[in-house]
Amino acid sequence: MTETRPRTPPTFEQLRTMAGQELGVSEWTTVDQHRIDQFAECTGDHQWIHVDPERAKRQSPFRTTIAHGYLTLSIIGALALGMGIVPENTQAAFNYGFDKVRFLAPVRVGARIRLRTTLLSMEDKGPGQYLMKAANTVEIEGEPKPALTAETLVMLYERRKRAGA
């Protein structure tokens, strides 16, 4: 699938038949020092390789600060929502977990990243409840290797139809 935004979200019925298909590619987003510093504040992870540009310039093999791996991982949810892959009739969507997370390349400060998502499965878990498993690759603009790959698990709840509607 090419970058086609905005797009109409797939229905639950469509998702059930789309295993193996690419769901979309997000817009590029910049990972700047402010975002990295905010993440450090939230998590308490103030390792110098992330938050000290002067020291990183002198001592880091990357010669600049890099994003926390977990920051890059946490951006997946927002980028996926921006792609419009959650069915419009969704009442709620909850993170259910990750499988096979691999951090493959550092995200240098100022780099632009985007998400590429492929549906792996859509499993019925009860009336109006589905477990969506997707393969995600966070690409770094201009870099041969992605920042990370991860399989996300998302529990989706379909909005119930009212009786008589």
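Analyst: In what follows, contact means that heavy atoms lie within 4.5 Å. The model is predicted. By this criterion, and leaving aside residues up to four places away in sequence, Val107 touches Val31, Thr65, Ile66, Ala67, Thr72, Ile113, Ile140 and Ala147.

Helix H5 covers residues 69–83, and its 15 residues should span 21 Å at 1.5 Å a residue; the end C-alpha atoms are 22 Å apart, which agrees. The helix has a bend of about 25 degrees at Ile76. An α-helix has 3.6 residues a turn, so residues three or four places apart point the same way. Just after H5, Gly84 adopts a positive phi of about 75 degrees.

The largest nonpolar core holds 31 residues, and Val31 and Val107 touch the most other members. Two or more residues of this core come from each of helix H1 (12–15), helix H2 (33–43), H5, strand E4 (111–126), strand E5 (129–140) and strand E6 (148–158). H5 gives the largest share, seven residues. In soluble globular proteins, nonpolar side chains tend to be buried together.

Finally, an unreviewed UniProt entry lists residues 18–128 as "domain: MaoC-like". Over residues 18–128, the chain is 33% helix and 33% strand, with the end C-alpha atoms 18 Å apart.

Notes
Residues numbered from 1 in each chain as written. Predicted model: local features only at pLDDT ≥ 70, side-chain atom pairs only at ≥ 80, totals over all residues. Heavy atoms only, no water. Helix = DSSP H or I, 4+ residues; strand = E, 2+ residues; numbered from the N terminus. Expected span 1.5 Å × (residues − 1). Bend = angle between axes of the 7 residues up to and from the residue. Core = buried A, V, L, I, M, F, W, Y, C linked by side-chain atoms within 4.5 Å. Buried < 20%, exposed > 50% of the residue type's maximum accessible area, 1.4 Å probe, protein only. UniProt positions renumbered as here; feature names shortened; annotations may be inferred.
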